[in-house]
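Welcome, and please take a look at the model below.

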Amino acid sequence: MAPGPQGRTGNPGKPGPKGKAGAIGKAGPRGPKGLKGNPGKNGAPGKKGPKGNKGETGLPGPCTCNANKAKSAFSVAVSKSYPRERLPIKFDRILMNEGGHYNASSGKFICSIPGIYYFTYDITLANKHLAIGLVHNGQYRIKTFDANTGNHDVASGSTILSLKQEDEVWLQIFYSEQNGLFYDPYWTDSLFTGFLIYPDQDYLNEI
């Protein structure tokens, strides 16, 4: 028997159940970087951290408790012209003698407080040249020479010395023909001055 004609297409059936999820695919290429956003607000302050461990004890500082006891200064003047050469010049007019370390009888400063000292002199000269030096324990530390030009002039010098206890410092003329040191009670002086800049630390610790 021959087949009959093809029938009409049937109505679509109902959707079948959802199938299982497929495998995750590979990540795609990274996209371009976006625009920078506005900064956010400042966060609240964090809590205070714990207290740290106590540090090691530092080295002791220098002692200055006795510094006010270390005082030494003098300023003296002569009362006669043309003193003897190669001997300490006796500056017998005391303008100041803090500590009493300058001896007017000998013309010498005798160190009682070891340390660093400053010395200076201003000497008026007349009629002769002047060759004068500052002596420390018998040795010249500085020498100055000033030529007399027919008028009164002033010779000066200064230096800094490190002194020990009992060290001696003085001025003296070192050429007999160049002793022009001059004094006039009415208008001119010749001065010798010195003072302690700072004492030795060991001395301060002891006192």
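## Ground rules

A residue is called buried under 20% relative accessible area, exposed over 50%, and partly exposed in between, with a 1.4 Å probe and protein chains only. By that scale tyrosine 82, at 30% relative accessibility, is partly exposed.

This is a predicted model, in which local features need pLDDT of at least 70 and side-chain atom pairs count only at pLDDT 80 or more, while totals for chains, interfaces and linings use all residues. Residues are numbered from 1 along each chain as its sequence is written, and side-chain values use heavy atoms, with hydrogens and water left out.

## Overall form

The protein chain holds one helix and 10 strands, where helices (H or I, at least four residues) and strands (E, at least two) are DSSP runs numbered from the N terminus. In sequence order the pattern is β-β-β-β-β-β-β-β-β-β-α.

How does the radius of gyration of the protein chain sit beside that of a compact globule, and what are the two values? The protein chain has 49 Å, whereas a compact globule of 207 residues would be near 17 Å; the radius is taken over C-alpha atoms, and the globule rule is 2.2 Å times the number of residues to the power 0.38. The C-alpha atoms fill a box of roughly 175 × 45 × 30 Å along the principal axes.

## Surface, contacts and charge

Of the 207 residues in the protein chain, 33% are buried. The accessible surface is about 15300 Å², and carbon and sulfur atoms own 51% of this surface; areas come from the Shrake-Rupley method with a 1.4 Å probe, and for residues only the protein chains shown count as cover.

Among contacts (heavy atoms within 4.5 Å) with a separation of 6 or more, 73% join residues 24 or more positions apart. The protein chain carries 25 positive and 16 negative side chains, with the centres of the two sets 41 Å apart. Here Lys and Arg are positive and Asp and Glu negative, with His and the chain ends not counted; each charge is placed at NZ of Lys, CZ of Arg, CG of Asp or CD of Glu.

## Aromatic pairs

Rings of Phe, Tyr and Trp (its six-membered ring) pair if their centres lie within 6.5 Å; planes under 30 degrees apart are stacked, over 60 edge-to-face, and the rest tilted. The count comes to 14 aromatic pairs. Phenylalanine 74 and phenylalanine 119 form a tilted one, 6.3 Å centre to centre with 50 degrees between the planes. Phenylalanine 74 is in strand β1 and phenylalanine 119 in strand β5 (residues 115–136), so this pair ties together parts 45 residues apart in sequence. Both are buried: phenylalanine 74 at 1% relative accessible area, phenylalanine 119 at 0%.

The rings of tyrosine 82 and phenylalanine 182 are also tilted, because their planes meet at 50 degrees, with centres 6.5 Å apart. Tyrosine 82 belongs to the loop between β1 and β2 (93–98), and phenylalanine 182 to the loop between β9 (179–181) and β10 (191–199), 100 residues apart. Phenylalanine 182 is buried at 14%. Elsewhere, ring pairs link Phe74, Phe91, Tyr102, Phe109, Tyr117, Phe119 and Phe192 into a cluster.

Proline 17 lies in the segment before β1 (73–77) and is exposed at 80% relative accessible area.

Serine 79, in the loop between β1 and β2, is partly exposed at 28%. Beyond residues up to four places away in sequence, serine 79 touches Asp92, Arg93 and Tyr183.
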